[in-house]
Amino acid sequence: MDFTILLQAKRGARPSLASSPFEAPAAGTAPPCVAQLYRDCVNGVIEQRVTACQFLESMVEMAQQYVSNRELWALYYRTPPVGSSPPAITVGSTCTNTMSVTPPSPSKFSPLATPM
């Protein structure tokens with residue numbers, strides 16, 4: 001990783017993402033919902049960043065928007081694919097607050113593993 005990127009991030013700089021509204025899509029830019037999610041993910045205040053669950057829910061919403069209007073989303077492609085249609089996508093379920101995670105068992109490389 002480039003050292004200057006780390007220094008800039010430490011000073012509060014965040015990468016940007018060009019976007020354009022759905023009313024006037026421009027090739028090579030991101031739809032507004034994608035740009036907003038990106039900004040939410042790289043927020044300089046860690047506590048204001050989206051959670052994994054919020055990220056998943058946003059992705060599902062975007063997938064539903066994409067499925068309902070692929071032609072509009074295709075206008076955001078930097079170079080629209082010639083003679084092809086946008087890829088098919090299947091919209092899945094959303095995240096819930098009742099998710100559980102089972103931690104992996106310690107391996108021989110883990111600091112929690114017992115000595116041999």
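At 12% relative accessibility, Trp73 counts as buried. In this predicted model, Trp73 takes part in an edge-to-face pair with Tyr66, since the ring centres lie 6.0 Å apart and the planes meet at 90°. Tyr66 is likewise classed as buried, because its relative accessibility is 9%, under the 20% limit.

The structure holds three aromatic pairs. One of them joins Phe22 to Trp73 in a tilted arrangement, with 5.8 Å from centre to centre and 50° between the planes. This pair bridges distant parts of the chain: Phe22 sits in the loop between helix 1 and helix 2, whereas Trp73 belongs to helix 4 (residues 70-74), 51 residues apart. Phe22 is partly exposed, with a relative accessibility of 26%. Taken together, Phe22, Tyr66, Trp73 and Tyr76 form one aromatic cluster.

Ser20 is located in the loop between helix 1 (3-10) and helix 2 (32-41). With a relative accessibility of 8%, Ser20 falls under the 20% limit and therefore counts as buried. Its side chain makes a polar contact of 2.7 Å with the side chain of Thr29.

Ala13 is partly exposed, at 40% relative accessibility. The C-alpha atoms of Ala13 and Asn43 are separated by 9.8 Å, and the two residues are 30 residues apart along the chain.

Turning to the surface, Phe3, Leu6 and Leu7 form a nonpolar patch with about 280 Å² of accessible area together. Leu7 is placed in helix 1 and is partly exposed, with a relative accessible area of 30%.

For the protein as a whole, the secondary structure amounts to four helices and zero strands, giving the pattern α-α-α-α along the sequence. Of the 116 residues, 14% are buried. The protein exposes about 9100 Å², and carbon and sulfur atoms supply 60% of that area. Among contacts between residues at least 6 apart in sequence, 49% join residues at least 24 apart.

Note on methods. Residues are numbered from 1 along each chain as its sequence is written. This is a predicted model: local features need pLDDT of at least 70, side-chain atom pairs count only at pLDDT 80 or more; totals for chains, interfaces and linings use all residues. Side-chain values use heavy atoms; hydrogens and water are left out. Helices (H or I, at least four residues) and strands (E, at least two) are DSSP runs, numbered from the N terminus. Buried means under 20% relative accessible area, exposed over 50%, partly exposed in between (1.4 Å probe, protein chains only). A polar contact is a pair of N or O atoms within 3.5 Å; within protein, one must be able to donate a hydrogen and the other to accept it, and residues adjacent in sequence count only if both atoms are side-chain atoms. Patches are made of residues with over 30% relative accessible area and no salt bridge: like charges are joined within 9 Å, nonpolar side chains (Val, Leu, Ile, Met, Phe, Trp, Tyr) within 5 Å. Accessible areas come from the Shrake-Rupley method with a 1.4 Å probe; for residues, only the protein chains shown count as cover. A salt bridge is a side-chain nitrogen of Lys or Arg within 4 Å of a carboxyl oxygen of Asp or Glu. Contact means heavy atoms within 4.5 Å. Rings of Phe, Tyr and Trp (its six-membered ring) pair if their centres lie within 6.5 Å; planes under 30 degrees apart count as stacked, over 60 as edge-to-face and the rest as tilted.
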